[in-house]
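Morning, everyone. Let me put the model on the screen, and then I'll walk you through it.

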Amino acid sequence: MNFSEVFKQSNQLCKVSPDGKYLATCVQYRLVVRDVNTLQILQLYTCLDQVASMEWSSDSLFILCAMYKRGLVQVWSLEQPDWHCKIDEGSIGLVSSRWSPDGRHILNTTEFHLRVTVWSLCNKSVSYIKYPKACQKGMDFSADGRYMALAERRDCKDYISVFVCDDWHLLRHFETDTQDLAGVEWSPNGCVLAAWDSCLEYKMLLYSLDGRLLSTYSAYEWSLGIKSVAWSPSSQFLAIGSYDEKVRILNHITWKKLTEFEHHPTITNSKAVVFKEVEKRPQMTLCFSFQFDSASHRCLVSDEIPPLPVQVPVVKPDPDRANPKIGISAIAFSVDNRYLATKNDCMPQSVWVWDMQRLGPTAVLEQTAPVRFFAWDPRRPRLALCTGNTKLYLWSPAGCVSVKVPVEGGFQVQSLFWHCSGDSVVLLGKDQLCLCYMTKGHSALVV
Amino acid sequence: MPESSFEDINNIYVSSTMPPSRQYSQSTIPLLPFRHYIGNTEFCTENNTSECMLYISQELLALGFPSIFFDLNGLRELDVISALNSMYGLLQMHRRAVGMLAELEVEQLRVSSDLHCQQLTNSKLKDQLELSKKENLRLCERERQLEANTKALHHCLKNEKEEVQKLQNVIASRASQYNHNLKRKEREFGKLKERLNQLLTDKKDKKQGMDVLNYVGRSDGKRSQWKTGKTDSRHESDMYKALLNEFDKHQRELMIENAELKKVLQQIKQEMVGILSPKRQSGETQKEEKPKEFTDQQIASDEEEENSFKGTSEMSCEHAREQLSNSIRQQWRKLKDHMANLDNKASLVHLGQGINEEMISKEVHQEEMERLKLEIQQCKDFIHTQQQLLQQQLSTPWDEETAAVLTDCYMLEEKERLKEEWKTFEEQKKNFEMERRTFTEAAIRLGHERKMFEEDRATWLKHQFLNMTFTDQMNLKTQNTLSEYAVQEQKHISSPKTPL
């Protein structure tokens, strides 16, 4: 594993272009575009204010920089550095800004979610979409980029509108049977739209592309409901994580519960391997003494595998607060559909990995600090996670490995994401970033 | 005689006291032999007066009375006064005794009546005790039931309390969530109001707009189209096409999966039938003859079923599916039964109750296993040594000469042999060629000679014909025919050039 040198970034704004060639970072009001392999600066753009959000267009030709306080969006071109585009929302304000899937339209959500303005970079047309809903995930584009689902609310009722991204034609508009629609998400095959209610009611609705209600699923009443949702890449499964610390898997044929994964504090299942990170004092291990010697070293601290039954540390949440720290807050499927990684907020230091073929737990990764972020490799079943300390943890079915980021002065890994080729991981600290290149042939990591 | 008066007195006494004592004859106090006093004719007669007197005096003396006799000149004379006194004393005694008896009898009566009372009360108390014990048991039982009831109710109460607690928690969390949402909405509302105020008071209204250097072409390079009814319908059709494609793909996958599963089921069924049928056909004990027949029939019917099923295997209708799954279930049940039988047999064998022909005993089985293991080990060793030798051979470094010489050294002998054989083969081939050539030449020569011979013959015949003058016209025909025949013959001989 090779680590690159450290670069500055602000606001955790760092994105790799969809074609994988460029890395764009924002440092205060500057946008820096680098080549991913050499990390040489290719372009440098200056925005009018501190950038709040940055996004690549789908064809990797343009970058959008949004400055919410000023209500401005600036678009930069990679091919033509002197091309400029500025969208000023004026007094209506700006709350969020994103690209459309064709990379030629920008959707700006105004303040107070009054409307969504669709600006076109190809012509003078401007479209307005009224009554968008301010919720957890109100807007979603289908994977092929043809359709957009938008959650709307008017007259105290929830609606979903399906637009054709080609010309923003309203394809379908239907009411949903929810109390307070919290999010919509397309299935990867683009034919099913999942819509779920807010946490006060457990309700998952599944709509077909043409607006027909396919199925409704509700696991229980009254207690707090859905916290997180994830589709499997093959659209076979829909994983629903809820506040009762369980993940329920629905199958795409009957839309009924296939199984439920329970995050029990005591692990007795012999098929699950528990990897426990153990605090090792520096004098005891030889690894630490070599860490500053070479740039490309391999400092591997292997985790302990304790014998079963194992107790997973549980943190009891404060019951009086809203949005309690309980329940499954993060779910992610691996790219081959085989594994599912979940994080239960009551056990913030553990990440559970489930095997979808056996429908049971295959590994529990217990860290010494609460897990901040985890992400699957986009090419193979390999999971990277970070806990806010200086280490990067990797899990694959072959085993578990942790690497310390060799940066002087420490590099607190707060977030990370994979490069689309799966060959490198971008680690984000508070105001720094670092690339970690996976060397090929590393037997512990490559499956 | 005063005896009769005594009798009367006695009778009176007797009659007064008799009846009660007779009733309680069970009392242990031996009654005085207080029989009806009849005249004492048996004791004293005229003959034995002196003996009687003596006896009486002795008895009286024994009882403590003074003697009734007094000695007068050596003769014992009856002292009437002392006798009377004694008699009086006896009467007194008797009276006293009777009195005591009466008292005793009264006492006894009293006691026995007390006893009777006691017994009655005792039995009554026993009954009461029984009743009260039963009552007690009943009450205990009731208490137990009530306790169980209370326990159950406690349990229910606990559950209900937990339920209530849970619901309260839920309500609390929902309430906090609602409050949170409400606060959030209020804050947003406040912001909205502020913004509205700001906009109303603000003179400058910043308009929204886009400022771009030049418009960029579409990512797919095409021109954008006008929005018409056609585009709307096109969108609809595109959407339905996408959905249909997805359905088709899905259905195809399901069909493939279905076909695979059916195949697997068929295979399983066949294998099960296979497993079950040879076992049934081997020699069995009489007990299992009947089931054997049954299963043979069953197997036959299954085979029929199978044959008929083959034709319907492509059908996916309910009937075919049910048929298949039912037959599989039947086979599986049979297999289970068979396995159960085998288990029983195995356990019997294990207990040493005789070895069945079909089964091999544990020891034999183990021996077989050992032997096989040994064989495997030997084979492994053999392969290992071979591998080693091969490695050795490949790895030893040789110089070029020896390498050149030693390449294919194993095949050298065979190569030499082969070369020799080739040589002989070549020679033979040559010989054959030569012979063939000579034969063909000979054949050609033969042909030539024949031709010559025929020509000669023809000329000779001609000469003959020409020399014959007389019989010209007569034998012309015959000569003609002869010559024709000769010519034909010549043709026949000369034409076939048979290759030799």
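I'll start with ground rules, then take chain A, then chain B.

This is a predicted model, where local features need pLDDT of at least 70, side-chain atom pairs count only at pLDDT 80 or more, and totals for chains, interfaces and linings use all residues. Residues are numbered from 1 along each chain as its sequence is written, chains are lettered from A and ligands numbered from 1 in the order in which they are written, and side-chain values use heavy atoms, with hydrogens and water left out.

Strand β17 (residues 157-164) and strand β18 (residues 169-175) of chain A pair in the antiparallel sense over six bridges. Helices (H or I, at least four residues) and strands (E, at least two) are DSSP runs, numbered from the N terminus. Two strands pair if DSSP finds at least two bridges between them. V164(A) stands opposite H169(A) in β18(A). Four residues separate β17(A) from β18(A), and W168(A) in the turn has a positive phi of about 55°.

Now two loop residues. S60(A) is not a glycine, yet its phi is positive, about 60°. Find S60(A) in the loop between β7 (53-56) and β8 (62-67) of chain A. Is S60(A) buried or exposed? S60(A) counts as buried, because its relative accessibility is 4%. Buried means under 20% relative accessible area, exposed over 50%, partly exposed in between (1.4 Å probe, protein chains only). W255(A) also has a positive phi, about 55°, and is not a glycine. W255(A) sits in the loop between β25 (246-251) and β26 (257-262) of chain A. W255(A) is buried, at 9% relative accessible area.

One more loop. P233(A) lies between β23 (226-231) and β24 (237-242) of chain A. P233(A) is partly exposed, at 36%.

On to charges. How many salt bridges does the structure hold over all chains? There are 30. A salt bridge here is a side-chain nitrogen of Lys or Arg within 4 Å of a carboxyl oxygen of Asp or Glu. In chain A, D377(A) and R382(A) make one, at 3.1 Å, N to O. D377(A) is buried at 0% relative accessibility. R382(A) is buried too, at 2%.

Chain B next. E375(B) bridges to R371(B), with the closest N and O atoms 3.3 Å apart. Why about one helical turn between E375(B) and R371(B)? Because they are four residues apart in helix α7 (residues 362-395) of chain B. E375(B) is partly exposed at 38%, and R371(B) is partly exposed at 43%.

E433(B) forms a salt bridge with R436(B), closest N and O atoms 3.7 Å apart. E433(B) and R436(B) are three residues apart in helix α9 (residues 412-467) of chain B, so about one helical turn separates them. E433(B) is partly exposed at 37%. R436(B) counts as exposed at 55%. Back in chain A, salt bridges with shared partners join D244(A), K246(A), R248(A), K257(A) and E260(A) into one network.
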